[in-house]
Amino acid sequence: MAITEQEVLNALKSVMDPDLNRDVVSLGFIKDMKIDGSTVSFKLELTTPACPLKAQLKAASEEAVRKISGVEEVVVDITSKVVPHRVEEKGDILPGVKNIVAISSGKGGVGKSTVSVNLAVALAKCGARVGLLDTDIYGPSIPIMMGVTDKPEIRGQKMVPIEKYGVSLMSLGFLVPEDTAVIWRGPMVMKAVEQLLTDVDWGDLDYMIIDLPPGTGDVQLTLVQKVPLSGAVIVTTPQDVALLDVVRGINMFRKVNVPILGIVENMSFFQCPHCGERTDIFSHGGGEAAAKKQEVPFLGELPIDPEIRVGGDSGRPIVVEDPKSPQSRIFMEIAGKLAAKVSSLSK
Ligand SMILES: Nc1ncnc2c1ncn2[C@@H]1O[C@H](COP(=O)(O)OP(=O)(O)OP(=O)(O)O)[C@@H](O)[C@H]1O
Ligand SMILES: [Mg+2]
């Protein structure tokens, strides 16, 4: 008897996406089904190319369909279409950008820019269209970390972001003469940021990563109110003083109804390159404990590692320079978890 489309769909209803907690059929992931004799082929359209469960969902779908009697071959083509999640009333800003994620920290120097850069490149490596916006007026370090020395060109009336490592990059540093940045005040920063949002030809992006200035002052608050954020990531180091700032950061976003996508613990531990022994320099596990206590997701922990720092200084982020390293794998994993969290936001 010929295999029917309904039979295949029924079988696929047993395949769950654990992040979204629904099956792949009701999620609308199954597209372009073709049944040719004993061969069934279809597309599995995920909500992000950075899906950490790609391989698992593909295998589970193949297995489910292969159980149908008469099926000999199953061809699953994995694709993705990122779904937008944005604060609607701010709909006019950045219309082509589906998801805007702020990377924030209550405290300076915890590695926010390092995390922003590596996550942006990691998402781009998965095939997503990614923008990176550096709004840190007090130390626009992102161009250095991305190895960018050019200034953006103007085309028509708009600035064109600089393309590097598959990421479209803009920085406040491009607009501000280097040595005057520190005397800028809130309203001036906001004006410049607005320019970066509206006078830049960002095009269509799946994700825009925004590196915020450290802290929870006026500038930060105005920024998170102005930009139609999908959510925020909080970067911290593990020691208690930094963790107090995490709570402050979380509270700022809660106040303006921006979902917390998760906490990243940076400089979490040191792994000796010679003997492999692990030392918890700033203690350890505080980020995860804070995440539990605040009931927000924990996205992962990164080691304190010379290669991560060199990656920043040299303008070749570690996920570019040494993508197979354990550190890069952690960045890729965090990017995947982050993308999954964005996908599971309610619209
Ligand atoms: N996991 C890490 N291992 C080693 N060095 C790191 C790590 N993360 C960040 N660094 C280094 O620490 C310094 C501060 O990092 P970064 O600039 O990313 O922090 P930040 O939170 O953005 O700082 P600021 O608050 O000044 O914006 C940089 O020199 C960076 O290379
Ligand atoms: Mg920074």
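Which element gives the largest share of the lining of the largest pocket? Helix 10 does, with four residues; helices (H or I, at least four residues) and strands (E, at least two) are DSSP runs, numbered from the N terminus.

This is a predicted model, in which local features need pLDDT of at least 70, side-chain atom pairs count only at pLDDT 80 or more, and totals for chains, interfaces and linings use all residues. Residues are numbered from 1 along each chain as its sequence is written, chains are lettered from A and ligands numbered from 1 in the order in which they are written, and side-chain values use heavy atoms, with hydrogens and water left out.

**Domains and cores**

The domain assignment divides the chain into domain 1 (5-80) and domain 2 (88-343), the bounds coming from an automatic or database domain assignment. Eight residues of domain 1 and eleven residues of domain 2 take part in the contact, where contact means heavy atoms within 4.5 Å. The C-alpha centres of the two domains are 34 Å apart.

The largest nonpolar core comprises 84 residues, and those with the most contacts inside it are Leu132, Met146, Met208, Leu229, Phe253 and Ile263. Helix 3 gives the most to this core, namely eight residues. Another core, of 25 residues, lies apart from it and has Ala11, Ile30, Ile68 and Val74 among its members. A nonpolar core is a set of buried Ala, Val, Leu, Ile, Met, Phe, Trp, Tyr and Cys residues joined through side-chain atoms within 4.5 Å; buried means under 20% relative accessible area, exposed over 50%, and partly exposed in between (1.4 Å probe, protein chains only).

**Pocket and cavities**

The largest pocket has a volume of about 370 Å³. Of its 22 lining residues, Gly109, Gly111, Thr114, Met145 and Met267 are the closest to its centre. Helix 3 (112-125), helix 4 (142-145) and helix 10 (306-314) are the elements that give two or more residues to this lining.

On a 1 Å grid over the protein atoms alone, a cavity is a set of points where a 1.4 Å probe fits but cannot get out, and a pocket is an open set with protein on both sides within 12 Å along at least five of seven lines; lining residues have an atom within 4 Å of a point. Grid points are joined across faces, edges and corners, and a volume is the space filled by probe spheres set on the points.

The structure holds two cavities of 30 Å³ or more. The lining classes are tabulated with Ala, Val, Leu, Ile, Met, Phe, Trp, Tyr, Cys and Pro as nonpolar, Asp, Glu, Lys and Arg as charged, and the others, Gly among them, as polar.

| Space | Volume | Lining residues by class |
|---|---|---|
| Largest pocket | about 370 Å³ | eight nonpolar, nine polar, five charged residues |
| Largest cavity | about 50 Å³ | four nonpolar, three polar, two charged residues |
| Second largest cavity | about 40 Å³ | four nonpolar, four polar, no charged residues |

Among the residues lining the second largest cavity are Thr114, Met145 and Ile308. Helix 3 and helix 10 each supply at least two residues of that lining.

**Two loop residues**

Asp19, in the loop between strand 1 (16-17) and strand 2 (22-23), is partly exposed, with a relative accessible area of 34%. The lining of the largest cavity includes Asp19, Pro52 and Ala340. Leaving aside residues up to four places away in sequence, Asp19 touches Leu53, Ala340 and Ser344.

Asn266 is in the loop between strand 14 (260-265) and strand 15 (270-271) and is buried, at 5% relative accessible area. Its contacts, not counting residues up to four places away in sequence, include Val110, Gly111, Leu302 and Pro303.
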